[in-house]
Structures are given as structure tokens and as C-alpha cells.
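Here is a short briefing on selected sites. Please keep the structure open while reading.

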Number of protein chains: 2
Amino acid sequence: MVNKNFTKERYQAYTHLMQKIADLKYSAAVLQWDQETYMPAGSAEGRARQLATLTEMAHSIFVAENTEHLLEDLLSDEELGEKEKLNVSLSLYDYRKEKKLSAQFVRQLSEATSRGFQSWVNAKKQNEFSIFESDLDTIVTLKKSQASLMGYQRHPYDALLNDYERGCTTLFLDSVFSKISEPLQQLIRGVAEKPQVDDSVLKQHFPKDAQYNFGMELLTSLGFDFNKGRQDISEHPFTTSFGPSDVRVTTRVHENDFNSMTWSCIHELGHALYEQGLPDSEYGLPLGEYTSLSIHESQSRLWENNVGRSHGFWKQYYPVLQKQFPDQFANTNVTSFYSAINKVEPSLIRTEADELTYHFHVIIRYNLEKELIEGTIQTKDIPQYWREAYEKYLGVKVPDDQMGCLQDVHWSHGSFGYFPTYSLGSLYAAQFYAAAEAALPGLNESVESGHTQNLLDWLRRNIHSKGREFTSDELCTKITGKSLDPSYFMKYATAKYGGIYGI
Amino acid sequence: MVNKNFTKERYQAYTHLMQKIADLKYSAAVLQWDQETYMPAGSAEGRARQLATLTEMAHSIFVAENTEHLLEDLLSDEELGEKEKLNVSLSLYDYRKEKKLSAQFVRQLSEATSRGFQSWVNAKKQNEFSIFESDLDTIVTLKKSQASLMGYQRHPYDALLNDYERGCTTLFLDSVFSKISEPLQQLIRGVAEKPQVDDSVLKQHFPKDAQYNFGMELLTSLGFDFNKGRQDISEHPFTTSFGPSDVRVTTRVHENDFNSMTWSCIHELGHALYEQGLPDSEYGLPLGEYTSLSIHESQSRLWENNVGRSHGFWKQYYPVLQKQFPDQFANTNVTSFYSAINKVEPSLIRTEADELTYHFHVIIRYNLEKELIEGTIQTKDIPQYWREAYEKYLGVKVPDDQMGCLQDVHWSHGSFGYFPTYSLGSLYAAQFYAAAEAALPGLNESVESGHTQNLLDWLRRNIHSKGREFTSDELCTKITGKSLDPSYFMKYATAKYGGIYGI
């Protein structure tokens with residue numbers, strides 16, 4: 001009895017510590033959200049130092065000497081329950097990983113990325129890589145240091161990959177990409193030989209407010225909880241969370257392209273539903289956190305592609321859309337619309353790429369990052385490397401850096417090793433969706449009639465509510481009976497695009 | 001030489017500590033700003049705990065054992081410069097004040113006020129004091145504890161007054177209020193005997209966006225730096241600062257009352273100009289902070305009343321306004337408009353009160369708070385007390401709590417002892433404005449031609465840039481040659497309202 005009370009108290013001390021750290025991290029997330037949505041330009045420097053302090057403090061409190069004792073004592077405590085043990089052991093894993101970085105390093109990285117974000121925004125606006133180059137180079141240098149501080153077996157990039165996706169390596173990714181590259185290229189070539197889809201209907205003028213409102217309607221009807229979240233506008237769409245009761249998405253609107261807002265909106269919705277579905281009762285603890293970025297991406301890609309770009313989905317929403325934009329859609333029907341939103345065409349912008357060519361955008365970034373981290377190429381070489389890679393993999397000419405290596409926000413955040421999770425996410429999404437179809441008879445009919453709640457419930461039950469209980473691989477095996485298998489995606493893609501293009 | 005280096009290092013350690021605390025406090029301010037502008041309702045609880053953690057940490061770091069040693073060692077260090085010594089001695093004053101509160105108390109108060117803010121919003125919306133009562137009672141109890149923890153000579157309320165205004169006591173305030181009460185009542189009676197001003201022109205319909213845009217125009221032309229700040233909408237207008245490079249104001253718009261947006265906008269502008277004018281180089285240190293709330297209020301009231309409600313000011317802006325709202329101002333001229341915006345009439349809402357009756361709104365709250373803190377009345381008695389006091393001092397009937405004791409946000413923030421600074425601010429404003437008129441020949445002609453930059457420069461030079469170098473009283477004496485003297489305000493008010501009402 002005494003023992004149990006002691007265990008309980010110790011576990012409470014652990015919970016209290018982790019929640020305090022979570023409070024600091026989520027506070028930093030509020031400052032970052034503000035930075036990308038509303039912050040006036042002139043306060044970038046002050047914000048950078050405030051963010052650095054929050055980040056450094058969260059780190060310092062976590063890696064304090066007594067944290068390790070507390071975690072180890074708890075783990076060797078036989079009175080500790082299973083769930084509690086899992087939380088503690090995941091925290092110990094995180095502790096050992098984070099312990100490798102000094103407070104000074106964490107602060108430096110935070111300051112460098114705040115500065116980097118501002119110069120990326122300017123560089124992109126002014127279409128001038130050199131504005132970003134020096135800050136980016138500092139970030140790259142810091143990420144190289146991080147790789148060697150974290151340690152790795154084969155390749156320094158593995159250390160960074162592992163940071164987003166436990167156990168992920170270049171070996172694993174090379175194998176995954178080798179399995180999809182050739183069949184995807186073959187499929188894309190097959191598409192190219194057929195008559196091309198006309199998507200000009202999507203390139204008409206769609207007023208900003210009307211698009212935004214349509215996005216809000218989509219978010220609402222697909223289950224986003226606006227009592228515990230909101231949507232705003234930002235340069236680069238993203239999802240952020242300040243805990244499951246405050247999850248925020250952002251979008252952007254191009255008035256002459258229906259795609260931009262729509263797919264970013266549904267994509268971020270998928271991320272947000274995951275965050276809103278994490279167990280609130282485990283606030284601050286590993287079981288209250290998402291398991292990995294590839295699983296996070298599986299949620300965004302599943303809603304964006306497997307649901308949002310399906311024919312069935314638009315059976316319900318196309319009439320809504322037509323009502324919103326009667327002139328623009330006067331001469332189109334749902335089937336041509338479905339073809340238009342799935343037009344396959346090698347292009348320049350990742351976030352606007354179709355599902356097939358998308359993976360080559362990721363492969364290019366993956367290879368580039370690998371070489372950058374191993375030092376085969378330098379920061380200054382990026383624009384040239386980018387142009388050559390896009391020519392080689394996608395056969396497109398990059399006109400400038402805005403449409404090239406400046407398009408993505410990630411590097412300014414220090415996110416090296418993040419992009420591969422986008423492809424993994426698509427592959428998991430296809431495998432999960434197949435499992436959902438098997439588990440939920442009539443799923444596609446539900447989607448056709450606008451009822452996606454049962455799909456969301458299934459994701460909540462099998463993925464969201466689990467937090468970090470399982471790794472990506474364990475979760476995939478538990479849900480689908482096997483490890484990641486890219487053939488699900490290829491089967492889905494072949495059937496879908498074969499249908500659209502008559503292959 | 002060695003000594004000097006040692007002093008420098010120690011001062012740097014002090015600066016570093018204070019800036020870290022500032023980072024935490026300003027981060028909390030970002031979270032609070034978000035709470036009052038954009039935060040979804042369902043995340044109130046999570047936000048409360050995050051704010052409590054930031055507040056508690058800032059407190060704990062500051063009151064740590066070694067802070068006192070560091071400050072005392074620095075103060076006894078003969079190598080320390082004058083300016084540095086002033087910073088350190090002010091920090092020591094703050095330290096001794098804050099040391100009296102435990103981390104637990106600070107956390108409790110932070111959580112109670114976050115909860116209180118949410119229930120105040122609901123109570124006001126639903127016009128139901130009971131929704132707020134229990135949270136308010138918790139806050140009152142905590143403020144009573146705070147008073148006894150802080151200590152006081154005569155009256156527990158003195159301890160709370162002192163928190164906003166160093167040295168302020170009930171004795172001082174009773175004396176100030178006794179000096180203005182009678183002459184103000186006499187002036188108000190004089191006004192009542194004259195033909196009343198017709199302000200119906202201000203109660204027409206002014207569309208929300210157009211009003212907001214006019215407010216933005218005012219902010220811009222009066223010197224608000226939008227590169228280092230922004231304006232948003234909130235339930236209760238306020239100014240907040242995340243450092244001099246990010247100062248934010250909020251406003252509210254009533255479509256059927258031109259007053260609400262306009263005066264809150266210019267009032268908050270005054271606060272914001274002060275914050276934007278604090279020395280950035282002293283970030284986190286006392287010399288980088290405002291000196292007191294009464295001086296802060298002197299800035300908001302000076303711009304709102306001495307400038308914004310002057311005849312000269314509208315010589316420039318009335319034509320702009322007419323262009324914006326041609327229908328509404330078709331049959332009015334600048335002189336009738338000037339009378340309308342200065343209509344004297346006992347009323348219910350403090351923030352919309354004229355300059356004369358305004359002080360009775362403050363006196364009522366001052367007396368109420370005093371009695372609440374000394375325990376003569378209970379939280380549950382507030383609505384009844386409020387109705388009686390408004391009847392007695394202003395002769396108006398309070399129809400409900402929304403228009404009565406629920407109108408102000410302050411108590412939900414735990415701000416007891418804050419209201420008196422509003423009156424002090426008006427009195428200081430009149431005294432400062434008289435000094436500015438003497439120092440800047442042609443000031444009123446400048447204002448008439450829309451040039452307020454020289455006034456702003458004078459305020460920057462004499463007040464904003466000084467930070468906490470002087471107390472309210474020292475600053476007033478330095479600028480005007482004497483301590484606070486309410487006769488400046490009475491002289492200003494008598495001339496102005498005598499003119500308008502023909503007394």
C-alpha cells in the first residue's frame with residue numbers, strides 16, 4: 001500500500017514534469033503560429049529570442065540530471081502499470097536522444113531557424129535565393145552538427161531521419177523508393193501516351209473569400225472541431241497544435257487556381273483530425289502525442305487523396321461547389337471535374353503535384369538533403385542541383401528559384417529529413433484505406449453520400465487514440481496485418497489513373 | 001581592469017537573467033493576446049495551464065536564491081555605472097516585492113484569472129452575474145491574500161494599489177478624489193442647466209469595416225508603427241506588448257455608435273505609442289519598462305482627450321471622416337461634431353463616458369474595490385452595490401449587470417487597484433499637455449493642421465525614452481515643475497466645457 005502510494009506520487013512527479021515541458025513547447029507553438037500568420041515583420045528578431053528561450057528552457061528542464069533518475073526509478077518500479085510504463089519508457093527514449101544536444105545548441109538552432117524563416121519569406125517574395133543562402137547555410141551546418149551529436153550507424157542523414165521517424169534510414173528509404181520509382185515512371189509514361197486531361201476549368205478566377213468559405217465548409221463537414229481549433233491564412237499552409245483542445249490549420253488561396261486552397265485545406269484537415277483525436281487525458285505524455293511524421297502524413301494524404309480526390313467524394317460536394325461557383329462550373333460535370341482534379345502532369349510545385357509525379361518531388365529533395373548533409377554538395381549549389389534534378393526526374397525546366405528551391409518552408413524551419421515522410425505517408429494512406437475498406441463494408445458508398453464520420457471513427461479508434469503506443473511499423477502491422485507494402489499504393493494508383501486515362 | 005571585467009560579466013549575467021524572464025512574460029502576453037482575439041472557446045482550460053506555467057516559471061526564476069545575491073553584489077560594486085545601478089536597484093525593489101509571493105500562489109492566481117476571463121466573457125454575453133460570481137470570488141480571495149502577503153501600512157488595498165503605482169495609497173487617492181469631486185459635480189451641474197448637446201449624429205449606422213478602416217487611418221497618421229505592431233478586434237479593447245518591436249492594440253466596433261471604436265482606438269494608440277517608444281536597448285531591464293500605470297494612462301488619455309477630443313484635431317480629420325461617411329455627416333459641421341463628441345451626460349458605461357462624469361465611474365470602482373478588499377462587502381453584493389452607487393454618484397438607473405458590474409474586463413484579470421490609475425492618468429495628461437503647450441509654441445496650430453509628430457517627439461523625449469528612470473511623481477516634477485496638481489485638469493475642463501455649453 002505504501003509502495004503503491006509512492007509509485008503514484010513518483011508517477012505524478014513525472015507527469016507534472018512532462019506537462020510543464022509540454023506547456024512550454026505548446027507556448028512556443030503559439031508564438032510560431034503567430035509568427036506565420038499575424039506577426040508584424042519588424043518584430044522578427046524579438047520573436048526569435050523569445051522562441052529560443054522557450055525552446056531552450058523546455059530542453060533544459062527535460063535533460064536535467066534528475067529526470068534520468070526519475071525515469072529509471074519508475075521503470076524499475078514493479079508497481080507501475082503497463083500504460084504508465086510505456087509512457088515512461090518512451091520518455092526515456094526521448095530523454096536519451098535529447099540529452100545528446102546541449103542547451104546552447106538548441107538555442108542556436110532555434111534562433112537560426114527563426115532568422116531563417118524570415119529570410120526565406122523575403123527570398124521567396126523577391127525571388128532571390130541569395131537572400132536566404134547564408135541563413136540556410138547556418139542551418140545546414142547546425143543540422144550536420146546535430147547528426148554527429150545524435151550519432152548514426154551508416155549515414156549522417158540517418159540521424160536526422162530518425163528524429164522524425166524512429167528507425168528510418170537511408171537504407172530503408174532507398175529500398176522503398178526503388179520499389180515505386182520504376183512502376184510510377186511506367187504509369188506516368190502510360191498516361192503521357194493517352195489523350196491529356198483538360199483542367200482549364202480549375203484555372204478560372206475563383207474569388208478569394210468564396211474559396212475560403214468553401215474550404216471552411218469542407219473543414220466543418222469533414223469533422224474539424226471549430227470549438228477546438230481554427231483556420232487562418234499563411235504563406236505556407238500548415239497544421240499546429242497547442243494540445244488536442246486547440247489545433248489550428250492554415251491555408252492559402254490562389255484566385256486563379258482552384259487547386260491550391262482546396263488540396264491544402266483537405267490535407268491540413270487530415271493532420272488536424274489526427275491532432276484533435278489524440279487523447280486529451282494523456283496531455284504532455286508520449287501516449288498523448290502522434291506516433292511519427294509518416295503516420296501524420298498518412299492522415300493528411302488519406303483525406304487529401306484517397307477521400308478528397310475520389311470520384312465518390314465529389315458526387316456529394318460537386319453540387320455544393322457548383323452552387324458556390326455557378327459560372328465557373330456551368331459547363332462541367334462531376335466526371336470531367338474528377339478527371340481535372342486528377343490531371344497527371346510533371347510540374348514544378350510539390351504541393352500542387354498530382355499523386356503520381358508527387359513522389360519524384362520528394363525523391364529529389366531526399367537525394368539533395370542526403371548529399372547536403374554528407375557534404376557532397378554545398379548550400380550554394382542548391383539552385384543548380386534543383387534545376388538539374390527537375391529536368392532529370394520530371395523533365396521540367398525550372399524558371400526561377402521561387403518556383404524551384406525556395407518553394408518549401410521546411411528548410412527554414414530546420415526540417416531536414418522531413419520530406420521523405422510525405423511519400424511514406426502516401427504509401428501508408430493507401431494501405432490504411434484498403435484496411436478501412438475491408439473493415440467498413442459500404443465505406444465508399446458512405447463517402448459518396450457525404451458521410452465520412454464512420455471513416456473518421458475508424459481512424460480515431462485505430463490510429464488517433466493510440467498516441468505513441470505503437471511505432472509506424474507496429475501500427476501498420478496491427479491495422480493491415482503487415483509492414484509497409486508500397487504495392488497497395490501502386491495498385492490504387494494503377495486502378496485510379498488507368499480508369500481516368502483509359503490505360 | 002580585472003575588476004571592471006568582473007563587473008561587466010556580472011552585469012551581463014544579470015541582463016541575461018532579466019531578458020530570459022522578459023521572454024517568458026512576453027510569451028505569456030502572446031498567449032493572452034491570442035486568448036482575447038483568436039483562440040477557440042474550447043481551449044480555455046489548456047490555455048489556462050500553459051499561461052500558469054509561463055507565469056510561474058518567470059516568477060520562480062526571478063525569485064531564486066541567487067538572484068538576490070547577484071543584485072546585492074552588483075549594487076555594492078563600485079565599478080558599476082549609474083544607469084546600470086539604477087536598473088539593478090529597481091530589479092531589487094521588484095525582487096523584494098515578488099519574493100513575498102510563492103510560486104504556488106502565482107500559479108493559482110494565473111489559473112484563476114484565465115478561468116475568470118472565460119466566465120466573465122460568458123457572464124457578460126449572457127447578462128448573468130452568477131456565471132462569473134464564483135470565479136470572481138476566488139480571485140477576490142486571492143487578491144486579499146496577495147495584499148496580506150505583500151504587506152501594507154494602513155489599508156490592505158494599499159498593497160494592491162502599490163502594485164500598479166509605486167507608493168500609491170488610499171490616503172493619497174482620497175485626497176486626490178476629494179479635490180476633484182466637488183468642482184466636477186459643480187461643473188456637471190452647470191452643464192445640466194444649459195441647453196443639451198445633440199449627439200444623435202454619432203448614433204447613426206456606421207458600417208463595421210468602414211469604421212475599422214477609419215481607425216486604421218487614425219492609428220497610421222498619429223504615428224503607430226505597423227511594422228512593429230498591429231490592430232485586431234476583441235471583446236474589450238486593450239494594448240499589449242511583446243517588447244517594443246511588437247506592440248498590439250485591439251478595438252471593438254459598435255455599428256450604431258461612432259464613439260465606441262473611435263475613442264477606444266485613440267485611447268489604445270496612446271498606450272501603444274508609449275510602448276513603442278520604450279528603449280529597445282534596455283529589453284528586459286527596468287529602464288526598458290513603463291514607469292507606472294498612471295503614466296501609461298496619462299498617455300492614452302492625453303491622446304484620447306487632450307488631442308482626440310479637441311476642436312483643433314477635427315479641423316484636420318473631420319473632412320476625412322466626411323469623405324468616409326458622406327451620408328452620415330451631410331448635415332453637420334465640425335463645430336457641432338466637436339460638441340457632439342464632448343456631450344456631457346451621466347451614463348452607464350465607463351469607456352464611453354465623457355471626460356467629466358468619467359471620474360465618478362472610477363470613484364465608484366475605487367470605493368467598491370476598497371470595501372471588497374477590506375471585507376466590508378462580499379462578491380455577491382457587487383451588483384446591488386453597483387446599482388446603488390450609480391444612482392448615487394451619477395443619478396442613473398442600471399438596467400442589468402451587462403451594463404453594470406460586468407462591463408469591465410479588469411477584475412477577471414485580477415486587476416484590483418488598477419481603475420484609480422485611469423483618473424490619475426487624466427489628471428497627469430492635463431498637466432503634461434499644459435507643459436507641452438509651454439514647451440512647444442504653436443502646438444495647437446500643429447494639431448489643427450494634422451501634425452502631431454512634434455507632440456509625439458516631445459512625449460518620446462520626456463516620457464517614453466525614460467523607461468522607469470523616474471517614478472510618476474519624479475517624472476511629473478521633472479516635466480512640469482511640481483507634483484500632480486488636479487487644478488490643471490479642472491482648468492482644462494472648465495475652459496473646454498464652459499466653451500461648449502456656454503457657461
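Where is the place of A:Asp485 in chain A? A:Asp485 sits in the loop between helix H19 (472–480) and helix H20 (487–501) of chain A. Note that this is a predicted model. The points below start with that loop residue, then turn to a helix and a tryptophan of chain B.

**A:Asp485**
- The relative accessible area of A:Asp485 is 18%, so this residue is buried, the cut-off being under 20%.
- Its side chain makes a polar contact of 2.8 Å with the side chain of A:Ser487.

**Helix H2 of chain B**
- Helix H2 of chain B covers residues 44–62, which is 19 residues.
- H2(B) is largely enclosed by the rest of the structure, because 15 of its 19 residues are buried.

**B:Trp314**
- B:Trp314 belongs to helix H12 (residues 311–324) of chain B.
- Its relative accessibility is 0%, so B:Trp314 counts as buried.
- Leaving aside neighbours within four places in sequence, B:Trp314 is in contact with several aromatic residues, among them B:Phe214, B:Phe258, B:Trp263 and B:Phe337.
- Other contacts of B:Trp314 include B:Thr262, B:Arg309, B:Pro319, B:Leu321, B:Val334 and B:Ile341.
- B:Gly308 is also in contact with B:Trp314, and the backbone oxygen of B:Gly308 lies 2.6 Å from a polar atom of the tryptophan side chain.
- B:Tyr385 is 71 residues from B:Trp314 along the chain, and their C-alpha atoms are separated by 39 Å.

Technical notes: Residues numbered from 1 in each chain as written. Chains lettered and ligands numbered in written order. Predicted model: local features only at pLDDT ≥ 70, side-chain atom pairs only at ≥ 80, totals over all residues. Heavy atoms only, no water. Helix = DSSP H or I, 4+ residues; strand = E, 2+ residues; numbered from the N terminus. Expected span 1.5 Å × (residues − 1). Buried < 20%, exposed > 50% of the residue type's maximum accessible area, 1.4 Å probe, protein only. Contact = heavy atoms within 4.5 Å. Polar contact = N/O pair within 3.5 Å; in protein donor to acceptor, adjacent residues only side chain to side chain.
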